[in-house]
Amino acid sequence: MAASNRPLSLQDLTIESLIKALEERLYVADRELATALFLAIQMRKPLLIEGEPGCGKTEVAKVLAEILGTTLIRLQCYEGLDASDAIYEWDYPRQLLYIKMLETRKDVHEIESEIFSERFLLKRPLLKAVMYDGPMPPVLLIDEIDRADEEFEGFLLEFLAEYQVTIPEIGTVRTKTEPIVILTSNRTREIGDGLKRRCLYYYVTYPPRDKELRILKLKVKGLNETLAEQLVNVVNMLRSRPDIMKKPGISETLDWANAMMRVGAKELNKDVLRSTLICVIKSQDDLMRLDVDSLLSTLSRMG
Amino acid sequence: MDAYRFVVEVANLLRERQLKVGVSESLDACQALCYVGSYGLPEIKTAIKVTMLKDPSKFYLLDEVFQQAIAEASSGRDEGEEGDQRGEGRDRGAQSYSTVSAAKDQNRDQQHDRTVDAFMYSPMETLHKRSLRPIDPLRVRTGRRVMRRMKRRLALLEGRRYRRSTKGELDFPKTMRSALGTAAELMELKKSSRILARLRVVAFFDISGSMDTYTEWIVRAMYLIKRLSRRVEVFAFSTRLLRITDLLETTNLDEIRKRLSERIDLWGSGTRIGSCLRTFLERYGTLVDRSWVAIIISDGWDTGEPEVLRESLEGLKVRVGKLVWLNPHADKPNFKPMTVGMLTALPYVDVFAGASTLEDMSSFIRFFGKSIKPLKSPIKPVF
């Protein structure tokens, strides 16, 4: 299906048009997710998407920005992330160079107001989102918020409520168009109640077998139907095993299907399975625990 | 049907089921209904779900609450006298009430379309709640001292502080300081490494019938372990698993006793350790990684399949950094682990100790003395 280039305007936005637009951009969304996105856009409330890794949480924000024809601003969270990485930082080397150039000038106040101006400001994602000046609101993706510290989560509470940033040397910057905010979390820790309260909440889990097959057919062109079914069956088997530490998500299934296309495999046999299992199993311990023969025999019993 | 009344009904019903639904959620739900009101029931349900239900383990409540709210909001009954009756019913807290149609009443004309609150069978009533004794603050204080030692003993993550080490990283400030004594000539390179000080814990408390005699100790231990570190998750289990971390998030001992008494309905039933751990791995598995320590507090009496227990422990063992099992019977002299559950579990356990280790320093030293070796390559945090 070819993606139409025309972005969806906020006036034309309905749940149906959103589902259609998502599918045109090769994102298979169920009606529930589309409703959640629709509400997040209309209510201009942040949408917190939690769920298993590799289930399309980040992708949905990228596709949404594409659908609305707007900019995606991404903030990748990690342990130790602080305000200077998320909001702004002064460009110290450039400021020093500039001061050096102006050494002969006497007016200190003039120099100060120059070096602490927007010219020397390194805008990080949150400030970029606030200062964004486009016809459509930007999509702000705050990815893997569970990896950030609780202190940063506390800061976000204020940011998401006001959409404003205070820079002591410049003043308070307020947003012109409230961004569409999507937060994702892999649930490596529980997100605080305060943040959850400010967001709409959607939980994604591994898709049912039929939906995963549909995703494979849509995203991996020319994939043999029998092979697609076999791949989905094996992935589902792996997900149901409690001893597998890193369970494969949809992205792993897609990687696996692409690998199958590259090696020209028509069906899943012992050699192909053994050599390509690394696409879905990403831990040595898990690989050691897997018995390829028993996987294949279970697969053949499933037909 | 009045959308606002419907939202209020849903919010109340969710609160009755111990969900944290505030006014802001109700306002969001009202606003969301304005946008999806022209769509069908599934969209309305999704709108309620995304605005009010923010815990995936409680999603199963949605259908039940939704149906009940529709019935209540569309009943159009008199708010006065009956509203008071309903309020009283809710005040009864743990006791469930059901709205039963009074259509069978002889005075059908007078009672037309009216409903009364009456008690009837509910599966909720068969669950085991327990009135717990007050928590002894003196024993808690003793326990805290042991907990500080335990934190240092179990820590798998590096903290901020350094200590001298021959294998550590080059310590520039110390090297420069030592060079001051030799006229700033570098004679020796000083090295230091970070001290293991940070701990993440997931604790599983067996509150089945076989642990009945230890109930008081269990409640104290829940309180103490929750305060072991900033990142602690606490679960209670018997025939099913229940996450109780939020119940312990207060420093008020009496409030904790009240919450554990009123909200845990698993006290004194059977034990299925294996299936409960499997539920944990399936539902909460992503919460933990190799930097976490799992502590299981159980006597090992298990009515489930040993194979399920073995598989679940194998899964848990690979997911966490250390696995500790505290068995209250292990404090007794001449104790030997003989239960099937214990025999199945022991090969996967890094430390097997008695329950008194949490409160008694000498017992702690006896069991934890040298039983835990630090990881060869400690986990480095990013500050």
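## H1 against H2 in chain B

Let's start inside chain B: helix H1 (residues 3-16) and helix H2 (residues 23-36) pack at an angle of about 140°, their axes 10 Å apart. Keep in mind that this is a predicted model. Angles over 145 degrees would count as roughly antiparallel, so H1(B) and H2(B) come out as oblique to each other. The crossing of H1(B) past H2(B) is right-handed.

Who touches whom? On the H1(B) side you'll find B:Ala3, B:Tyr4, B:Phe6, B:Val7, B:Ala11 and B:Arg15, and they meet B:Val23, B:Ser26, B:Ala29, B:Cys30 and B:Leu33 of H2(B). Sorted by type, the residues of this contact are nine nonpolar, one polar and one charged.

## H1 against H3 in chain B

H1(B) also packs on helix H3 (residues 41-52) of chain B, here at an angle of about 50° and with the axes 12 Å apart. That angle makes H1(B) oblique to H3(B). H1(B) passes H3(B) in a right-handed crossing.

H1(B) brings B:Phe6, B:Val7, B:Val10, B:Ala11 and B:Leu14 to the contact, while H3(B) supplies B:Ile44, B:Ile48 and B:Met52. The tally is eight nonpolar residues, with no polar and no charged ones.

## Where chain A meets chain B

Now for the interface. Chain A puts 37 residues into the contact and chain B puts in 39. About 3400 Å² is buried between the two chains, and carbon and sulfur atoms give 52% of that area.

How many salt bridges does the rule find across the interface of chain A and chain B? Nine. There is also a salt bridge between A:Asp193 and B:Lys20, whose closest N and O atoms are 2.7 Å apart.

Conventions. Residues numbered from 1 in each chain as written. Chains lettered and ligands numbered in written order. Predicted model: local features only at pLDDT ≥ 70, side-chain atom pairs only at ≥ 80, totals over all residues. Heavy atoms only, no water. Axes fitted to C-alpha atoms, helices over the stretch in contact; angles between N-to-C directions. Helix = DSSP H or I, 4+ residues; strand = E, 2+ residues; numbered from the N terminus. Parallel < 35°, antiparallel > 145°, perpendicular 65-115°, else oblique. Left-handed = near helix turned anticlockwise from the far one by under 90°. Contact = heavy atoms within 4.5 Å. Nonpolar A, V, L, I, M, F, W, Y, C, P; charged D, E, K, R; others polar. Buried area = accessible area lost by both parts, 1.4 Å probe. Salt bridge = Lys/Arg side-chain N within 4 Å of Asp/Glu carboxyl O.
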